[in-house]
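User: Hi! Could you walk me through the aromatic contacts in this model?

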Amino acid sequence: MPEDTPATSLIPGATPLLRVSFLVGTLAAALLILILIWDWNWFRPMVERKASAELGRTVTMSHFDIKDILGGTPAVVADGIKIGNPPDFPTGSQFGSIDRLTVRVRLMPLIGSWGKDLVVPEIAIDRPVGDLRAGPSGSPNWSFVLPQRSSGPPPEIDELIINDGDFQINDPRLKANFRVLVHTVQPTQGNRGSLVASARGVYADQPISAEFVGGAIMALRDRGEPYPIDFHAVNGATRISLVGTVRDPMKFAGANLELVLRGGDLADLYPILGLPLAQTPPYTLRGHLDYGAGAFRFDNFAGTVGQSDLEGNLSVKPGAERPLITADLSSRLVVMSDLAGFIGGAPGTGVSASESSTVRAEHVEEARSSNLFPDIPLNLPRIRAADFDVRYRGAHFENKSIPLDNISTTLKIRSGEVLVNPLDFGVGTGTIAAVISLDARGSVIHLRSDVDFRRVDFRRLMQSTKVFHGAGVIGGRAVIEGVGNSLAQVLANGNGSLRLYMTGGNVSDLLVDLAGLDFGRSVMSLLGIPENTDINCMITEFGLEDGLVTTRHLLIDTKEADIIGKGTINLRNETINYQITQDPKHFSILAFHAPIDVTGLLKKPSIGLEPKPLLERGGAAVVLGVLTAGLAALIPTIQLGLGSGNSCSTLVQAVAGK
């Protein structure tokens with residue numbers, strides 16, 4: 001008799017294999033139903049803890065879900081995300097929030113690689129909001145310390161979508177408080193999509209507005225297609241435009257970008273670009289921006305700074321302590337007033353509407369001040385903020401008082417130590433050659449300047465007067481050393497000497513060039529010497545001690561008379577107390593002129609006759625003898641500055657032999 005089928009059989013007459021298959025299918029169906037109906041929000045606390053541990057901040061969310069599992073690219077969705085601030089911020093304050101974060105993941109690559117290959121077709125961020133600011137300790141809340149990751153391929157992200165991003169940035173160190181709005185534009189036929197951002201508010205204590213349109217964020221990694229950039233910003237009087245493409249934007253390599261800088265003062269670029277430049281008049285510069293060998297390059301730029309033109313190449317190489325700025329610059333025309341900012345003065349004319357408010361205020365102060373020398377302190381932190389290697393050449397100078405022909409100089413700055421060597425000015429066939437060193441490592445600047453005047457063409461100097469046309473050659477040397485944080489302070493504490501010699505020319509031309517047209521003519525009139533009296537030789541030597549200039553020798557030898565000067569110039573209060581006398585070489589009623597006193601402020605001195613009784617002619621001769629004592633020691637210096645065989649050497653030898 002055949003055995004009966006067990007009552008427990010699920011499928012009568014089925015084989016064991018079929019029964020197992022049925023059980024597995026039933027379990028799979030049950031699991032699928034469970035997945036479809038499962039409330040994934042049950043995992044929300046675990047996800048919050050994991051995110052908080054990763055960011056080092058408290059992270060909460062209102063809902064967590066996983067959708068579209070059966071499609072092969074499930075979407076992980078988190079709603080109402082809130083990210084807290086660091087512990088030193090007020091309790092309950094937020095770094096930011098996201099209305100909805102959606103991350104789609106391809107399952108098959110993830111499963112096939114045992115979880116190593118993460119392919120993300122899309123990340124969508126809806127309304128990210130951030131409040132970026134510095135905390136009570138000064139540390140910014142946007143600085144995250146993320147845990148170290150084991151080496152492996154990074155996630156492959158195909159598309160990033162940002163909708164209605166809104167970020168407020170507040171940083172007192174940068175004097176910044178501005179709002180940034182950001183969103184992405186989805187790709188369409190013939191358009192790869194783009195990232196759009198705008199900013200409004202205050203930066204560096206100046207109003208700022210900026211617009212940026214770039215390629216899609218994911219296009220940043222696509223080296224086969226150049227990444228487009230269109231950026232425009234206005235910060236106070238400064239305008240920046242950057243337009244073009246970058247072949248490898250992650251390394252900023254292969255750039256084809258045009259950079260245009262325009263503003264009222266190049267010094268205003270420091271808080272924006274980190275370039276510690278001197279004050280300048282309004283400027284416009286246009287060139288090519290690129291990156292290579294660890295440095296940003298502004299190549300083949302050209303434009304104007306004030307009334308001067310400027311062109312060349314400039315590179316900025318970031319460093320651990322400070323950047324290195326290297327530049328090779330040149331100008332066809334240099335207007336002297338445009339360079340005033342390099343010595344602490346107010347550059348430009350002071351009347352341009354496009355000049356920065358700081359420069360305009362300095363011009364007003366200079367006009368109001370009774371001081372002649374700039375007393376604006378040099379900015380020590382900026383001098384130390386970068387190292388410089390700069391070469392500059394100017395083909396032609398334009399200056400109302402001293403028509404220098406050209407300039408050639410090299411500037412080096414290392415850790416606050418400044419060396420300008422050489423600083424050469426061409427004047428006709430001669431040269432004014434200077435070496436300037438400046439130590440700004442301490443709280444007070446120490447400066448030394450050594451200037452040689454080598455066969456300077458006096459005819460060229462007199463061309464600026466457009467009245468006189470003198471001739472002659474000037475030579476000599478000046479050495480000044482002092483401490484202070486402005487030119488006025490350095491001179492007020494200065495020590496050194498000045499020696500100047502001249503052969504040829506005439507007296508009226510000399511006084512006009514040294515003191516101005518009206519002043520020079522007044523002195524000539526009081527001396528009773530004809531305007532066109534020729535100079536045989538001029539010898540001057542001044543000493544400088546603790547800001548007080550004393551006359552060692554001042555002798556002008558002419559056909560009509562010997563002109564003698566004595567007195568002091570106080571650079572501490574910028575006053576002059578000087579006397580000019582003459583010793584006629586032949587009798588004339590006009591020869592009995594009283595000494596001339598030059599007194600008052602250096603910026604606007606006054607001249608008048610000495611109120612004491614007139615010097616007798618013999619008295620002037622005694623003064624001449626005293627002042628010419630020791631002149632023989634100056635002969636080697638005279639020959640260096642004027643050349644051998646000059647009339648000054650002959651005069652000194654004759655006087656010394658008496």
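This is a predicted model: local features need pLDDT of at least 70, side-chain atom pairs count only at pLDDT 80 or more; totals for chains, interfaces and linings use all residues.

User: How many aromatic pairs does the structure hold?

Analyst: Residues are numbered from 1 along each chain as its sequence is written, and side-chain values use heavy atoms, leaving out hydrogens and water. Rings of Phe, Tyr and Trp (its six-membered ring) pair if their centres lie within 6.5 Å; planes under 30 degrees apart are stacked, over 60 edge-to-face, the rest tilted. The number of aromatic pairs in the structure is seven.

User: What is the geometry of the pair formed by phenylalanine 178 and tyrosine 203?

Analyst: The ring centres of phenylalanine 178 and tyrosine 203 are 6.3 Å apart. With 65° between the planes, this pair is edge-to-face.

User: Is phenylalanine 178 buried or exposed?

Analyst: Buried means under 20% relative accessible area, exposed over 50%, and partly exposed in between (1.4 Å probe, protein chains only). Phenylalanine 178 has 14% relative accessibility, so it counts as buried.

User: Which class does the pair of tyrosine 291 and phenylalanine 296 belong to?

Analyst: The ring centres of tyrosine 291 and phenylalanine 296 lie 4.7 Å apart. Their planes meet at 55°, so the pair is tilted.

User: How far is the charged end of arginine 57 from the ring centre of phenylalanine 144?

Analyst: A charge sits over a ring if NZ of Lys or CZ of Arg is within 6 Å of the ring centre and within 35 degrees of the ring normal. Arginine 57 sits this way over the ring of phenylalanine 144, and the distance to the centre is 4.1 Å.
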